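Welcome! Please take a moment to look over the sequence and the 3D view, and then read on for a guided walk through the parts.

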Amino acid sequence: MPEILKDQKCPICGEKSLSLTEDEREVPFFGRMYMFSMNCEKCKYHKADVEAVEDKEPCKFTLDITSEKDMHIRVVRSSQAVVKVPYVTTIEPGPGSSGYVTNVEGVLNRIKHQIEVLKETEEEDDARKKAKNLLKKINRIMSGEEPSKLIIEDPSGNSAIISEKAVKGKLVGVKKEEE
Ligand SMILES: [Zn+2]
């Protein structure tokens with residue numbers, strides 16, 4: 001059962017209107033994980049993260065996405081992970097990053113959402129067209145029409161792509177991926 005602490009002080013607005021939720025969960029083929037989330041009722045600040053109970057080595061996972069079925073593959077993404085879909089996007093971790101347990105579809109939907117927001121706010125025609133083409137590309141990847149890759153690099157080791165298809169490697173320094 002999750003443990004919920006109410007009326008905590010919010011790090012953003014300073015009001016005592018923050019709920020802190022802590023939970024522990026077993027993720028098959030990964031192990032036990034702590035899951036945290038913070039939600040402020042006043043300023044709507046939200047932050048979530050995941051952390052493996054046991055110590056993990058820095059890691060890099062590469063998954064070839066070749067069919068619609070791959071959308072169901074489980075993904076653990078900590079707030080410190082870099083997520084890459086070559087020729088589509090690279091998501092770098094930052095202070096606003098959250099960690100979560102999802103699947104490949106969930107990761108691609110988040111990327112889609114970011115590009116949609118960009119498309120709406122972009123003023124240049126060229127940039128809007130580029131965003132539109134990227135959205136089409138992601139749709140083709142999600143329906144299995146276009147092969148792609150999902151790469152997750154995590155210096156904290158708290159991330160994983162849980163599939164026999166995923167290749168796990170060591171994360172050496174800050175080596176750049178060929179894109
Ligand atoms: Zn707040």
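## Two domains

The domain bounds used here come from an automatic or database domain assignment. For this protein, the assignment gives domain 1 (1–54) and domain 2 (55–179). The centres of domain 1 and domain 2, taken over C-alpha atoms, are 23 Å apart.

A word on what you are looking at: this is a predicted model, in which local features need pLDDT of at least 70 and side-chain atom pairs count only at pLDDT 80 or more, while totals for chains, interfaces and linings use all residues. Residues are numbered from 1 along each chain as its sequence is written.

## Where the domains touch

Two residues are in contact if their C-beta atoms, placed from the backbone, lie within 7 Å. By that rule, 10 residues of domain 1 are in contact with 13 residues of domain 2. Which strand gives the largest share of the side of domain 1 that touches domain 2? That is strand E4 (residues 46–52), which supplies 6 residues. Helices (H or I, at least four residues) and strands (E, at least two) are DSSP runs, numbered from the N terminus.

Sorted by class, this side of domain 1 has 6 nonpolar, no polar and 4 charged residues. Here Ala, Val, Leu, Ile, Met, Phe, Trp, Tyr, Cys and Pro count as nonpolar, Asp, Glu, Lys and Arg as charged, and the others, Gly among them, as polar.

Two strands pair if DSSP finds at least two bridges between them. An open sheet of 4 strands has the order E1-E2-E3-E4, with antiparallel pairing. Its edge strands are E1 and E4, each pairing on one side only. From one strand to the next, the twist averages 15 degrees; the axes behind such angles are lines fitted to C-alpha atoms, for helices over the stretch in contact, and angles run from 0 to 180 degrees between N-to-C directions.

Strand E1 (residues 3–8) and strand E2 (residues 18–27) run antiparallel and are joined by 4 bridges, and Ile 4 stands opposite Thr 21 in E2. Between E2 and strand E3 (residues 31–40), also antiparallel, there are 10 bridges. Along this pair, Leu 18 faces Cys 40 in E3, and Asp 23 stands opposite Met 35 in E3. The hairpin of E2 and E3 has 3 residues between the strands, and there Phe 29 takes a positive phi near 65 degrees.

## The five-stranded sheet

Another open sheet has 5 strands in the order E8-E7-E10-E5-E12, and the pairing is antiparallel. At its edges are strand E8 (89–91) and strand E12 (167–170), each pairing on one side only. Neighbouring strands of this sheet are turned by 15 degrees against each other on average, direction ignored.

Strand E7 (residues 82–85) is joined to E8 by 3 bridges, and the two run antiparallel. Val 83 has Ile 91 in E8 as its bridge partner.

## The nonpolar core

A residue is buried if 20 or more other C-beta atoms lie within 10 Å of its own, exposed if 12 or fewer, and partly exposed in between, with C-beta atoms placed from the backbone. A nonpolar core is a set of buried Ala, Val, Leu, Ile, Met, Phe, Trp, Tyr and Cys residues joined through C-beta atoms within 7 Å. The largest one has 26 residues, of which Phe 61, Val 107, Leu 150, Ile 152 and Ile 161 touch the most other members. Among the elements that each supply at least two residues are helix H1 (104–121), helix H2 (125–142) and strand E10 (148–154). H1 gives the most, with 5 residues.

Leaving aside neighbours within four places in sequence, Phe 61 is in contact with residues including Ile 152, Ile 161 and Val 167.

## Two residues up close

Not counting residues up to four places away in sequence, Thr 62 touches Lys 149, Ile 151, Ala 166 and Val 167.

Glu 68 lies in the loop between E5 and E6. Glu 68 counts as partly exposed because it has 13 C-beta neighbours inside 10 Å. Glu 68 and Glu 145 are 77 residues apart in sequence and 8.2 Å apart in space, C-alpha to C-alpha. Beyond four places in sequence, Glu 68 is in contact with Ser 143 and Gly 144.
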